[in-house]
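This briefing covers one residue and one interface between two chains. Look at the sequence and the structure first, then read the points below.

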Amino acid sequence: MLSRIGTVLAAGVALLLVFQLYVGGNALLAAAVAGGLGLAIFVYTARRGYTYRYLFPGLAGITLFVVLPLVYTVWIGFTNYSAKNLLTFERATEVLLGEVYLRDTVRYQFTLHADGAGFRLVLRTDEDEPSDGSGGSETGVNESGLPGAPATGSAGSAATGSATTGSAGPSIAGSAGAPPPPGPRPPTAFVSPILPLTGTAAQRVTVVPLAGSGFSPGEELPLKDVIAHRDAIKAITVAFPDGTAAAMATLREFTPYQALYLQNPDGTLTNQKTKERLTPSQTTGFYETAAGKLVEPGFRVAVGGDNYARVFTDAKFRGPFLRVFAWTVVFAGLSVLITATLGMMLAELLSWERLRFAGVYRVLLFLPYAVPGFISILVFKGLFNRNFGEINLILDALLGIRPDWTGDAILARIMILIVNTWLGYPYFMLMCMGLQKSIPHDLYEASALAGAGPLTNFFQITWPLIRKPLTPLLVASFAYNFNNFVLIFLLTKGKPDFLDTAAPAGETDVLVTYTYRTAFDEHSFGLAAAISTIIFVIVAILSVLNLRLTKTAASDSR
Amino acid sequence: MPIVASRSHRWRVVAAHGFLLVFLLFTLFPLLMVISISLRPGNFASGSLLPEHISWEHWKLALGMSYTDVDGKLVTPPFPVLRWLWNSVKVATVAASLMLLLSTTAAYAFARLRFRFKALTLNAILLLQMFPPVLTLIAFYAIFNMLGDHVSWLGIDSLASVMLAYLGLISLHIWTIKGYFETIPSEIEEAARVDGASAFQAFRRVLLPMAVPILAVVFILAFISNIIEYPIASILLVSVDQMTLAVGSNQYLYQQHYLWGDFAAAAVLSGLPITVVFLLAQRWMVSGLTAGGLKG
């Protein structure tokens with residue numbers, strides 16, 4: 001009964017979560033979460049799912065954080081994702097539509113006025129300045145702030161010769177004999193609402209014509225106040241009643257700007273300045289002009305197997321590929337062999353009862369694993385330095401030689417193997433120590449009674465019993481070293497370089513560093529993802545062969 | 001175990017000690033170099049093992065204290081190294097515990113229970129881990145960015161996201177524990193079932209106590225790999241206060257000017273939690289738990 005209530009409650013909570021996600025706009029995510037939670041509830045409540053209750057958390061973790069990134073990366077290999085094609089199509093379109101250009105045709109002079117605790121911006125067009133007589137009296141009318149005075153009335157007076165220069169006094173009266181002007185002139189002075197001007201957050205402010213606003217601008221604030229609030233004013237976008245917008249261009253002017261591109265119904269964009277049409281191309285990943293010029297920003301498109309084909313056909317990649325591959329296999333194989341043997345030997349030695357201070361030895365021998373790898377690798381880089389490194393100093397004192405560890409191919413490879421051994425043996429030592437505890441002690445007692453020595457003990461008792469659990473770890477260690485980017489990159493960066501290839505590759509490069517170097521040159525994630533997938537397939541095939549040969553997956557019970 | 005020792009026995013013990021000491025000399029030399037670099041004045045990577053002058057400046061910076069240098073200028077610690085240490089310890093402990101939990105239950109299923117596609121799944125999880133991780137980082141960023149939009153404490157720049165990301169690295173641990181489980185005879189659990197234990201009780205009270213050595217080993221390894229892990233943490237942790245030691249120490253290596261001394265001090269600090277955990281876990285790695293479990 002209780003379990004039924006529990007099931008219903010769990011289902012209820014799950015449904016609520018899924019609904020929230022769905023309403024939030026992400027239908028795909030909601031469906032995925034619904035599937036996952038549904039499976040979880042089934043496994044933990046139904047009797048049939050009993051076995052899977054143990055598996056579920058582990059497999060869920062692996063699916064989410066290994067399989068999902070893997071699939072995503074393989075998918076990237078089929079696109080042209082790179083530094084030039086970084087955005088999605090929608091985002092690239094957004095960016096282009098958001099581009100603006102300043103129209104210099106109309107400029108607005110602006111002045112800052114105090115109003116209570118805040119400020120107001122007053123914008124006037126150039127037309128307000130009396131360049132000829134026709135605009136003069138309107139200036140007079142607006143500046144005096146007479147409400148509602150229609151421009152038509154005063155314009156009549158302007159037609160006469162009473163052209164006032166600048167902000168002359170009101171000249172509404174008189175000159176009734178002038179011909180009426182064509183129609184109401186558009187307002188040419190605007191005022192913003194009260195602005196605090198404290199933050200620099202971008203804001204959009206709608207201005208209204210000064211004439212009808214009820215605000216009478218008094219003394220304008222001196223330039224030093226404008227400078228003091230410059231950052232705040234810079235962040236303001238001023239929107240006019242007719243829809244255009246303007247932004248601060250200089251300390252005295254606002255210039256209107258508008259969108260550079262307008263989207264047409266068929267999806268193309270028209271450049272408002274040059275009237276060029278841009279067509280999006282799903283093959284190149286750019287918007288293109290009619291002449292074929294590519295317009296940034298680019299977007300990601302699927303390119304099918306282009307990246308993969310390139311790896312196999314482009315001579316730049318294919319050339320050093322086999323040589324790098326050969327060294328990678330040798331390096332991984334030797335690393336596993338040496339570290340496993342050393343680790344096992346040390347584990348055997350430390351489990352010997354006659355050895356005193358075994359506990360102290362154990363901790364000290366384990367220390368190389370306790371220091372983060374990249375630190376020790378960099379320290380080793382310094383130690384193997386040809387002229388100043390300690391190792392060469394010691395060798396010089398003892399044997400009189402100073403080997404060129406980084407310049408010579410063979411020596412560089414030996415150096416890499418030495419460092420990798422140092423880094424890797426504690427793992428196997430620890431593993432063998434743990435696995436050895438599973439061997440019942442009476443087997444050793446029996447063999448001691450039979451007069452067997454340590455070697456016999458090892459080869460006839462220890463090794464056959466540890467071999468089964470150890471083999472997958474050996475295979476995994478092989479795969480880890482096959483993909484060991486950090487060691488090679490930090491220690492030698494793959495050098496010494498091959499002298500006869502176009503692509504950057506070196507004697508100590510493994511496939512991953514080789515990938516990184518070539519992809520890094522071109523900043524192409526799609527290409528790098530494709531090469532990574534190919535490497536993965538190679539490693540997987542090698543490992544499957546290994547596992548088959550050792551028949552490890554079949555379990556055996558004693 | 002009382003047996004008659006042969007005459008060459010003493011020499012063998014001496015030889016063993018000798019070999020171990022020489023080996024330790026080679027092994028510990030780089031570590032001693034790191035310590036000596038951290039005690040040197042200035043930021044130099046090379047020099048003699050025993051520094052002529054000992055300067056605590058790097059350690060003072062690492063432990064969060066300011067010091068006055070030779071010119072009389074006050075140098076304040078540029079990075080919160082102790083905070084990084086604490087972040088690392090938090091992430092490593094929680095992630096390692098969760099990883100142990102997930103791997104143990106999964107390993108039990110693979111070792112003792114029967115279900116379809118067992119061999120296939122087992123091989124699959126081993127093989128899937130072989131994808132070079134350097135490039136799945138973009139995917140990790142995308143996943144946690146999206147997760148952060150819905151669950152704010154799991155997004156980018158949170159320690160919880162790093163803990164969660166490490167949960168995928170359990171396939172090797174599953175194989176290890178499974179291998180160990182298979183060396184323990186299942187008859188003991190069957191005896192417990194006959195006595196009335198449920199399957200889960202047999203697992204918890206019979207099998208797990210016998211597998212304690214390998215669980216300790218797996219916890220240590222998981223803890224260590226979490227502390228030293230760099231790529232995933234560097235993608236997910238952005239602000240300086242949230243970084244772990246591995247990501248943070250890299251901040252000391254500016255392109256043109258490697259601050260070796262400070263870096264070395266941070267390196268030694270990062271070795272401390274690992275050594276402590278290793279020492280604590282020693283007492284779990286005792287032998288003989290399965291000895292005598294089965295007659296003959």
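**A buried histidine and a chain interface**

A:His229 has a relative accessible area of 18%, so the residue counts as buried, the cut-off being under 20%. The model is predicted. The points below place A:His229 in chain A and then turn to the contact between chain B and chain A.

**Surroundings of A:His229**

- A:His229 sits in a loop of chain A, with α7 (223–228) on one side and α8 (230–234) on the other.
- Leaving aside residues up to four places away in sequence, A:His229 touches A:Leu112, A:Phe119 and A:Leu197.

**Extent of the interface**

**Polar and charged pairs**

- The number of salt bridges between chain B and chain A is 0.
- Polar contact across this interface is found for 4 residue pairs, with both residues at pLDDT 80 or more.

**Make-up of the side of chain B**

- Helix α1 (residues 9–39) of chain B gives the most to the side that touches chain A, namely 18 residues.
- By type, the residues on that side of chain B are 71 nonpolar, 26 polar and 5 charged.

Conventions: Residues numbered from 1 in each chain as written. Chains lettered and ligands numbered in written order. Predicted model: local features only at pLDDT ≥ 70, side-chain atom pairs only at ≥ 80, totals over all residues. Heavy atoms only, no water. Helix = DSSP H or I, 4+ residues; strand = E, 2+ residues; numbered from the N terminus. Buried < 20%, exposed > 50% of the residue type's maximum accessible area, 1.4 Å probe, protein only. Contact = heavy atoms within 4.5 Å. Salt bridge = Lys/Arg side-chain N within 4 Å of Asp/Glu carboxyl O. Polar contact = N/O pair within 3.5 Å; in protein donor to acceptor, adjacent residues only side chain to side chain. Nonpolar A, V, L, I, M, F, W, Y, C, P; charged D, E, K, R; others polar.
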